[in-house]
Amino acid sequence: MLEIIVLPLLTMVTCKETRAAIIALHKNGFTGKDIVATKIAPKSTIYRFIKNFKERGSILVKKASGRPRKSSKRQDRLLKRIQLRDRSATSAELAQEWQQAGVSASARTVRRRLLEDGLVSRRAAKKPLLSKKNIRDRLIFCRKYSEWTAEDWGKVIFSDEAPFRLFGASGKRLVRRRKGERYHQSCVMPTVKHPDTIHVWGCFSSKGVGSLTILPKNTAMNKEWYQNTLQQQLLPTTQQQFGEEQCIFQHDGAPCHKAKVITKWLGDQNVEILGPWPGNSPDLNPIENLWSILKRRVDKQKPTNSDKLQEVMKEWVTISQDLAQKLIESMPSRIAEVLKKKGQHCKY
């Protein structure tokens, strides 16, 4: 009879199922010796299961307490405060400082404790340094335009200058490689000591990209060059995109932008200026996102000389109006986020 009952149970492989089978046999009146004879499990295991069942009345195994933590909750809070004082401190450095507070723990333990508090190691975002004046100016600007809708921002032409360099130095490049291929020619990003660089000026609005001009080599970005650019590039763009409709021009506070001759020229042309634009605020200018997209596209061409960098003009005109409009429509969100963060950087 016992053999008939146990035969199907011999196919069981998990501890939980084996335990249930042993207790089932025990409940049916079989002795420990009878169950051992089935060889369903080692003798010591069978008697331990039966003993635990008699004591607790359940086949569930009591969860083990595990290895005691090396630190108390109070010491964990101390570690968190130490980390928040210096966000760039390594886990090894934190372990040493924690040890001075009486906690002997490894760097690995430090990382686990910080993960429990949601403190994850990540590459620091690069953003311009904001002075108190920058923060104040950002808040003044954002409060001034806090009620503007995406339709209002659609009447603005954003502009900026940007550098483009050889060998993909314009931005980051990620590659997928196998073990041992770190220095394979197809997996490295070439660099040179003095890479060729070109500077461009461009503008765009919700109606699409406007003019893009490349600054002649060895030419400084001065008020003369800037006035000529506005004359030759900005005015045709405003006429093409807005016709007789009034639009607003945005540019930052670069010295050549604020020159008296430029201010007078813009006034003579009846060009309305957005602002005053706060310093160190690329996150408020959607053209910065266009530069990033453009640089990635140019980098894919792998330019090796300044002539090939002229490809930037071809890539610029391929930027769609849908993309331009989407960036313009992000302005209300940018304004709201800067206000929410009291003038600090936003995610854009």
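**Figure 1. Asp 76 and its salt-bridge partner Arg 69 in the predicted model.** At a relative accessibility of 13%, Asp 76 counts as buried. The structure shown here and in the following views is a predicted model. Arg 69 pairs with Asp 76 in a salt bridge whose closest N and O atoms are 2.8 Å apart. Arg 69 itself is partly exposed, its relative accessible area being 46%. The structure as a whole holds nine salt bridges.

**Figure 2. The salt bridge between Glu 97 and Arg 85.** The side chains of Glu 97 and Arg 85 meet in a salt bridge, with an N to O distance of 3.2 Å. This pair links distant parts of the chain, for Glu 97 belongs to helix H6 (residues 91–100) and Arg 85 to helix H5 (residues 73–85), the two residues being 12 apart. Glu 97 is partly exposed at a relative accessible area of 34%, whereas Arg 85 has a relative accessibility of 60% and counts as exposed.

Figure 3. Lys 133 and Asp 137 form a salt bridge through their side chains, at 2.7 Å from N to O. Both residues lie in helix H8 (residues 132–144), where they are four residues apart, or about one turn of the helix. Lys 133 counts as partly exposed, with a relative accessibility of 48%.

**Figure 4. Packing of helix H8 against helix H15.** Helix H8 packs with helix H15 (residues 331–340) at an angle of about 135°, and the two axes are 9 Å apart. This angle makes H8 oblique to H15. The crossing of the two helices is left-handed. On the H8 side, the contact is made by Arg 138, Leu 139, Phe 141, Cys 142 and Arg 143, and on the H15 side by Ile 335, Val 338 and Leu 339.

**Figure 5. Packing of helix H6 against helix H7.** An angle of about 95° is found between H6 and helix H7 (residues 107–116), whose axes are 8 Å apart. The two helices H6 and H7 are therefore roughly perpendicular to each other. H6 contributes Ser 91, Ala 92, Leu 94, Ala 95 and Trp 98 to the contact, while H7 contributes Ala 107, Val 110, Arg 111, Arg 113 and Leu 114.

**Figure 6. Surroundings of Ser 206.** Ser 206 is located in the loop between strand E2 (197–205) and strand E3 (208–214). With a relative accessible area of 13%, Ser 206 is buried. Leaving aside residues up to four places away in sequence, Ser 206 touches Gly 154, Gln 321, Gln 325 and Ile 328.

**Figure 7. Overview of the chain from which the close-up views are taken.** The secondary structure comprises 15 helices and five strands. Of the 348 residues of the chain, 39% count as buried. Among contacts with a separation of 6 or more, 70% are accounted for by residues 24 or more positions apart. The accessible surface of the chain is about 22,500 Å², and 51% of this surface belongs to carbon and sulfur atoms.

Conventions
Residues are numbered from 1 along each chain as its sequence is written. This is a predicted model: local features need pLDDT of at least 70, side-chain atom pairs count only at pLDDT 80 or more; totals for chains, interfaces and linings use all residues. Side-chain values use heavy atoms; hydrogens and water are left out. Buried means under 20% relative accessible area, exposed over 50%, partly exposed in between (1.4 Å probe, protein chains only). Contact means heavy atoms within 4.5 Å. Accessible areas come from the Shrake-Rupley method with a 1.4 Å probe; for residues, only the protein chains shown count as cover. A salt bridge is a side-chain nitrogen of Lys or Arg within 4 Å of a carboxyl oxygen of Asp or Glu. Axes are lines fitted to C-alpha atoms, for helices over the stretch in contact, and angles run from 0 to 180 degrees between N-to-C directions. Angles under 35 degrees count as roughly parallel, over 145 as roughly antiparallel, 65 to 115 as roughly perpendicular and the rest as oblique. A crossing is left-handed if the near helix is turned anticlockwise from the far one by less than a right angle, and right-handed if clockwise.
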